[in-house]
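This briefing sets out selected local features of the structure shown below. The points that follow are grouped by topic.

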Amino acid sequence: MNSFKRGFFDGLPIGLGYLAVSFSFGILAVKSGLSAWQATLISMLNVTSAGQFAGLTIMISGGSLLEIIISQFVINLRYSLMSISMSQHIDKSMTLPKKLFFGEFHTDEIFAVGMGHKEKLGSKYFWGVIIAPYFGWALGTFLGGVCGEILPAIITSALGVALYGMFIAIVVPPMKHSWKITIVVFIAIAMSLAFKYVPFINKISSGFAIIICAVVASLLGAIFFPVEDKEENKA
């Protein structure tokens with residue numbers, strides 16, 4: 001049943017999850033000097049959790065526009081691969097303008113939900129599935145930003161810890177099921193510590209440090225732990 005209603009109910013739990021995560025982004029943004037409305041505008045125009053947190057970190061540290069551009073390209077490059085895969089899973093109602101429009105709202109969770117359906121999906125489904133995630137992400141950011149402006153500093157600092165909890169929740173489960181992923185994560189951690197404490201290289205800005213850690217750790221993982229082709233294994 002490829003319908004708006006089905007898409008909306010598929011997207012509802014995603015939206016509730018985004019509400020909680022973006023709340024942390026709103027708090028962090030306001031603590032960093034932005035207004036609640038500025039933080040909300042960032043979420044409404046970007047809709048990317050890791051990208052926004054990384055971009056905000058670079059802004060806070062006084063990084064350059066080039067650092068932000070490169071970091072966003074690296075972090076969000078995965079959406080290109082997801083879109084290619086999703087393009088094989090949509091029907092003829094998805095014209096090029098609609099593909100470009102819905103691409104703005106293409107997130108990891110929406111991709112996972114969409115690919116979980118056996119039948120091809122159309123524009124009605126995507127109209128439904130993007131509503132709750134988009135407004136949940138924007139509303140959560142706004143509420144977090146407002147709380148960051150009116151709540152005592154000790155409370156906002158405590159709520160800001162949720163940001164680190166989010167990253168732990170993303171990284172730890174895959175690590176528990178794959179020693180290869182665990183090694184890649186520890187490579188990134190070791191490099192991050194080096195950029196923080198090792199003389200000379202600790203002069204590199206945090207923006208470029210994030211980019212280098214992500215690219216090098218991913219590259220080493222791809223070289224030493226390549227993903228096996230299932231079709232080749234069957235042959």
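Lys118 is exposed in this predicted model, with a relative accessible area of 83%. Because the cut-off for exposed is over 50%, Lys118 falls in that class at 83%.

- Lys118 lies in the loop that links helix H7 (108-115) to helix H8 (123-150).
- A distance of 8.5 Å separates the C-alpha atoms of Lys118 and His89, two residues that stand 29 residues apart along the chain.

**Packing of H1 and H3**
- Helix H1 (residues 4-31) packs with helix H3 (residues 49-60) at an angle of about 10 degrees, and the two axes are 11 Å apart.
- H1 is therefore roughly parallel to H3, since angles under 35 degrees are placed in that category.
- On the H1 side, the contact is made by Val21, Ser24, Phe25, Leu28 and Ala29; on the H3 side, Gln52, Phe53 and Leu56 take part.
- Classified by residue type, the contact of H1 with H3 comprises 6 nonpolar and 2 polar residues, with no charged residues.

**Helix H4**
- Helix H4 spans residues 65-76, a run of 12 residues.
- From its first C-alpha to its last, H4 reaches 16 Å, close to the 16 Å expected at 1.5 Å a residue.
- Glu67, Ser71, Gln72, Ile75 and Asn76 are buried in H4.
- Viewed down the axis of H4, the buried residues fall within an arc of 130 degrees, so they line one face of the helix.

Note on methods: Residues numbered from 1 in each chain as written. Predicted model: local features only at pLDDT ≥ 70, side-chain atom pairs only at ≥ 80, totals over all residues. Heavy atoms only, no water. Axes fitted to C-alpha atoms, helices over the stretch in contact; angles between N-to-C directions. Helix = DSSP H or I, 4+ residues; strand = E, 2+ residues; numbered from the N terminus. Parallel < 35°, antiparallel > 145°, perpendicular 65-115°, else oblique. Contact = heavy atoms within 4.5 Å. Nonpolar A, V, L, I, M, F, W, Y, C, P; charged D, E, K, R; others polar. Buried < 20%, exposed > 50% of the residue type's maximum accessible area, 1.4 Å probe, protein only. Expected span 1.5 Å × (residues − 1). Arc of directions from axis to C-beta.
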